[in-house]
Each structure stands twice: as C-alpha cells, then as structure tokens.
Amino acid sequence: MDASGTQVVEQLVNTERYPLSDPGSDRWRETVATIRDELRDDGCSVLAEFVRPELRDVLRSEGAEMAPSAYYDAETVNAYNVDTDADLPDDHPGRTPMQRGNAFVPRDAIPSDTIIHRLYLSTLFQRFLADCFELTEIHPLADPLAGLVLNVVSPGKEHPWHFDTNEFTVTMLTQESQAGGTFEYCPNIRSAESENFDDVNAVLAGDGEHLIRTLELRPGDLQLFKGRYALHRVSAVQGERARHTAIFAYSERDGVIGTPARTKQLFGRVLPEHHAAAAHAVRVDQLLD
C-alpha cells in the first residue's frame, strides 16, 4: 500500500467513521455495504463529517480564497443542457427555459495543496468511491478544466434543474449559504431506457412536489449521487454568503475530456485538449443529455 496515499487519507478524512486507510477490512466492507444500499434505493448517499472536523475551517477558507476565480456567465438553459433553440416538440421539457446563475472555478485554478485537490488524487479515495459505486475502478478526468471544480452559487443565484452527463457524481460542500441553497433531487426519475418526460415536465412546472427530496448538507459532508438519472438543482441562495461545493469528476474510462461546446459554456474557454478529444467522444446511452 502507498504510504503517502495512506497519510493523505489519515490527515484529511474522518477515519474514525470512514475507514479509508484500512481497505478491505470488515469496517470498510460494512461502510461500503450501507452506502451501496442507499445508492440502490435512493440514488444518493451522504457521508456526514467526512472531512476531519478540525479541518472544516481550512476547507471553507480554501474555497473562499479560490472562489473569485470562478467563471460566471448568466445564461438561459434547460434541464438537458442542450441548445434552447433545439428542434424539440412543443410539450418537451427541454422547452422549459431556466436561468443558470452558478459559476465554476476550473481545476487549473485550484491549488494542488488544497484539501479537495489532495483528496481528488488520492488512490485510496478513488478505490473507496469505486467500491461504493460497485465499479472495478474509476479514473480522474483527463480534462484540465473539468476534472475538479468548485461550484459557486452567489446570493440571489441558483443552479437550476438539470441532469448530469456522468452516471455518478461526487461532491463536497465546503461553505453553506446563510439561507436557501438547498439541494433538491428526484431519484431515478428517468432511466437509460426511458426519459419519462411527463414526470420531468411536472417537476419543472412546479407540480411534482411528491417526486422531490431535499438534503441538508454541512461543510465537510461528502455526497455520492447518481445524477445521470436524477433531476436535481440547488435552490436560490439567500443571505450574504455564497454556497461553495467541490465537484470531484471521475469516469470508468481513462482519458475522458469534455466537449468543446460544454467546456466553453462552463468555463468561457476551450483548450487544445478539448478539440483533440472531440473526435473520439463516446456516449454511455442515447438519452438527450
């Protein structure tokens, strides 16, 4: 076992609750089994106080320091992150416009010595996540901008209803808002075989309250989430403090890089790596996005 990798985990993770430094042990298997059950039943599992309690202020301050580097461009979007002028039927949920007000700090603006960057590259962290998602292995994205980001939702802004491109998502709240900024989601509202437009339309129209669940997250909580099939959002942030969330992007395949169009949308720039990878893009299903 990599001694330096173990050291990173023991320094940063609340190993009394989450035995990442003891892979394959009985405690590891018990923890993973619980998380797997929650992911199967609800599409979501929250590992409360995942980061050591004494590091929460460091986690918050690191995020606050890098937040000014976020790329912000208010835009009209839909739940599928496709062109709002796309040729869709009149009753298609993609016809429902929303204002995206969140911003992203790209990976190349996140210092390598921060808590979230050290965790992102930890092989023990990756092994644990893969086990929880019932995967053989996962890989950090090769994308120089989207592999690891800090999602910033400023007061008065929101991250509207959407689906993720990846089948699984790993996030960590680093700073909570004073009010609002609630994570809301509709578990398994669609599948790889069915878009289920009727229920999606109901949620977007405000008539799907029975489909929505909410989470109260705290800084240092780790959230494992199947966002490809769950419609989700962060409600409008209220008060004077922004909401910050680290997004750890991994893939089952090595070398994954985002598309130029999506990269431009999120970060305001595109690098040569994105253009080079565009010709080799592979989809995991035929859902709209």
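1. A salt bridge is counted here where a side-chain nitrogen of Lys or Arg lies within 4 Å of a carboxyl oxygen of Asp or Glu. The model under review is predicted. In it, the side chains of Arg-233 and Glu-184 form such a bridge, at 2.8 Å from N to O. Arg-233 belongs to strand E13 and Glu-184 to strand E10 (residues 183-186), so this bridge ties together parts of the chain that are 49 residues apart in sequence. Glu-184 counts as buried, at 13% relative accessibility.

2. Glu-158 is placed in the loop between strand E6 (148-153) and strand E7 (159-162), and Arg-233 in strand E13 (residues 231-234), so the pair joins parts 75 residues apart in sequence. Arg-233 is partly exposed, with a relative accessible area of 22%. Glu-158 is likewise partly exposed, at 26% relative accessibility.

3. Thr-182 deserves a remark in connection with these residues. Thr-182 is found in the loop between strand E9 (179-180) and E10, and it is buried, with a relative accessible area of 16%. Arg-233 is among the residues that Thr-182 touches, and the others, leaving aside residues up to four places away in sequence, are Thr-214, Leu-215, Glu-216, Val-234 and Ser-235. From Thr-182 to Glu-158, which is 24 residues away along the chain, the separation of the C-alpha atoms is 9.6 Å.

4. Over the whole structure, the search returns 15 salt bridges. One of them is formed by the side chains of Arg-269 and Asp-108, at 2.9 Å from N to O. Arg-269 sits in the loop between helix H7 (260-267) and helix H8 (272-278), while Asp-108 sits in the loop between strand E4 (103-105) and helix H4 (115-121), so the bridge ties together parts that are 161 residues apart in sequence. Both ends are partly exposed: Arg-269 has a relative accessible area of 31%, and Asp-108 has a relative accessibility of 46%. Elsewhere, Arg-17, Glu-49 and Arg-56 are linked in a network of salt bridges.

5. The aromatic residues form a further topic. The search of the whole structure finds 13 aromatic pairs. In one of these, Tyr-18 and Phe-50 are tilted relative to each other, with 5.4 Å between centres and 40° between planes. Tyr-18 lies in the loop between helix H1 (3-12) and helix H2 (26-42), and Phe-50 in the loop between strand E1 (44-47) and helix H3 (56-66), so the pair ties together parts 32 residues apart in sequence. Tyr-18 counts as buried at 7% relative accessibility, and Phe-50 counts as buried at 0%.

6. Phe-50 also pairs with Phe-125, again in a tilted arrangement, at 5.9 Å centre to centre and 50° between the planes. Phe-125 lies in helix H5 (residues 123-132) and Phe-50 in the loop between E1 and H3, so this pair ties together parts that are 75 residues apart in sequence. Phe-125 is buried, with a relative accessible area of 0%. One aromatic cluster is formed by Tyr-18, Phe-50, Tyr-120, Phe-125, Phe-248 and Tyr-250.

7. Which residues touch the most other members of the largest nonpolar core? They are Phe-50, Phe-125, Phe-128, Leu-222 and Phe-248, in a core of 47 residues. H5 gives the most to this core, with 6 residues. Leu-222 touches Phe-50, Phe-125 and Phe-248, and its contacts also include Ser-45, Val-46, Leu-47, Leu-129, Val-170, Thr-171 and Met-172; residues up to four places away in sequence are not counted.

8. Finally, two arginines are placed over aromatic rings. Arg-190 lies over the face of Phe-163, at 3.8 Å from the ring centre. The charged end of Arg-127 sits over the ring of Trp-28, 5.8 Å from its centre.

Technical notes:
Residues numbered from 1 in each chain as written. Predicted model: local features only at pLDDT ≥ 70, side-chain atom pairs only at ≥ 80, totals over all residues. Heavy atoms only, no water. Phe/Tyr/Trp six-rings, centres within 6.5 Å; stacked < 30°, edge-to-face > 60°. Helix = DSSP H or I, 4+ residues; strand = E, 2+ residues; numbered from the N terminus. Buried < 20%, exposed > 50% of the residue type's maximum accessible area, 1.4 Å probe, protein only. Lys NZ or Arg CZ within 6 Å of the ring centre and 35° of its normal. Core = buried A, V, L, I, M, F, W, Y, C linked by side-chain atoms within 4.5 Å. Contact = heavy atoms within 4.5 Å.
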